[in-house]
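Below are my notes on the model you asked me to look over. Please read them beside the sequence and the structure.

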Amino acid sequence: MESFFIGFAVFVVLLFGASLYRIAAGPTIFDRTIGAGLIGTNAVLMLVLIGVMYNRVDMFVDLALTYALLNFIGVVALAKYFERRREDER
Amino acid sequence: MNWLAMLLMIAGGVFLLVSSIGLLRLPDFYCRAHAVGKAETLGSMLVLGGLAAHNGADLTSFKILLTVGIIFITNPTATHALMRAAFRSGVTIWKKGDAVKR
């Protein structure tokens with residue numbers, strides 16, 4: 001079961017690469033923001049996975065909860081901030 | 001409990017993979033937000049549910065399930081807010097036959 005968790009963590013890290021490509025190459029600022037949000041959601045999974053691997057889930061799950069809330073607030077704040085920008089500034 | 005955890009996590013991993021492929025391959029911002037908003041939410045919920053099933057029934061599993069609830073509420077809301085901002089800012093909508101910008 002331990003090696004299964006390590007393999008799954010490697011798989012999630014590979015998914016970070018896809019989001020990083022979208023952040024680097026996205027045509028609009030919203031593509032980059034949604035890539036960052038995807039990385040945040042995957043980081044919540046990574047935190048709980050790391051907690052399971054080190055047998056300290058009780059500590060890491062609090063970090064995951066906080067990170068999920070902060071990720072939501074960050075994405076909504078970026079959406080509100082970029083909404084009024086005109087097209088030539090993008 | 002182990003087989004249930006593995007089953008849930010593998011099913012969630014398939015959804016996460018589909019979501020990331022959609023983020024890479026789909027033609028415009030709205031399609032990409034569609035892939036992220038739905039597939040990523042379900043995949044995260046399945047993976048976290050599998051981890052809770054591996055952990056057993058205690059307070060930590062309850063907190064993991066609370067994280068599942070938070071993701072279930074916040075992830076589609078954040079995607080919707082971003083999509084609304086993009087639509088109001090005038091991001092062009094891809095139509096069939098247009099050139100695909102990747």
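1. Conventions. This is a predicted model, in which local features need pLDDT of at least 70 and side-chain atom pairs count only at pLDDT 80 or more, while totals for chains, interfaces and linings use all residues. Residues are numbered from 1 along each chain as its sequence is written, and chains are lettered from A, with ligands numbered from 1, in the order in which they are written.

2. Helices 1 and 2 of chain B. Helix 1 (residues 2-25) and helix 2 (residues 29-55) of chain B pack at an angle of about 165°, their axes being 7 Å apart; that makes helix 1 of chain B roughly antiparallel to helix 2 of chain B. Helices here are DSSP runs of H or I with at least four residues (strands are E runs of at least two), numbered from the N terminus. Axes are lines fitted to C-alpha atoms, for helices over the stretch in contact, and angles run from 0 to 180 degrees between N-to-C directions. Angles under 35 degrees count as roughly parallel, over 145 as roughly antiparallel, 65 to 115 as roughly perpendicular, and the rest as oblique. The crossing of helix 1 and helix 2 of chain B is left-handed (the near helix is turned anticlockwise from the far one by less than a right angle; clockwise would be right-handed). The contact of helix 1 with helix 2 of chain B has 16 nonpolar, 9 polar and 2 charged residues, where Ala, Val, Leu, Ile, Met, Phe, Trp, Tyr, Cys and Pro count as nonpolar, Asp, Glu, Lys and Arg as charged, and the others, Gly among them, as polar.

3. Helices 2 and 3 of chain A. In chain A, helix 2 and helix 3 pack at an angle of about 175° with their axes 8 Å apart, and the two are therefore roughly antiparallel to each other. By class, the contact of helix 2 with helix 3 of chain A has 20 nonpolar, 6 polar and no charged residues.

4. The contact between the chains. Chain B contributes 38 residues and chain A 39 residues, two residues being in contact if their C-beta atoms, placed from the backbone, lie within 7 Å. On the side of chain B that touches chain A, helix 1, helix 2 and helix 3 (59-88) of chain B each supply at least two residues, and helix 3 of chain B gives the most, with 15 residues. The residues of that side of chain B divide into 21 nonpolar, 12 polar and 5 charged.

5. The largest nonpolar core. Of its 46 residues, those touching the most other members include Phe30(A), Val48(A), Leu51(B) and Ala86(B). A nonpolar core is a set of buried Ala, Val, Leu, Ile, Met, Phe, Trp, Tyr and Cys residues joined through C-beta atoms within 7 Å. Helices 1, 2 and 3 of chain A and helices 1, 2 and 3 of chain B each supply at least two residues of this core, and helix 2 of chain B gives the most, with 12 residues. Leaving aside neighbours within four places in sequence, Ala86(B) is in contact with Phe30(A), Phe29(B) and Val91(B).

6. Ala85(B), in helix 3 of chain B, counts as buried because 22 C-beta neighbours lie inside 10 Å (buried means 20 or more other C-beta atoms within 10 Å of its own, exposed 12 or fewer, and partly exposed in between, with C-beta atoms placed from the backbone). Leaving aside neighbours within four places in sequence, Ala85(B) is in contact with Phe30(A), Ala79(A), Lys80(A), Phe82(A) and Glu83(A). Phe72(B), which is also placed in helix 3 of chain B, is partly exposed, with 14 other C-beta atoms within 10 Å.

7. Asn55(A). Asn55(A) lies in the loop between helix 2 and helix 3 of chain A, and its phi is near 60°, a positive value in a residue other than glycine. Asn55(A) is exposed, with 7 other C-beta atoms within 10 Å.
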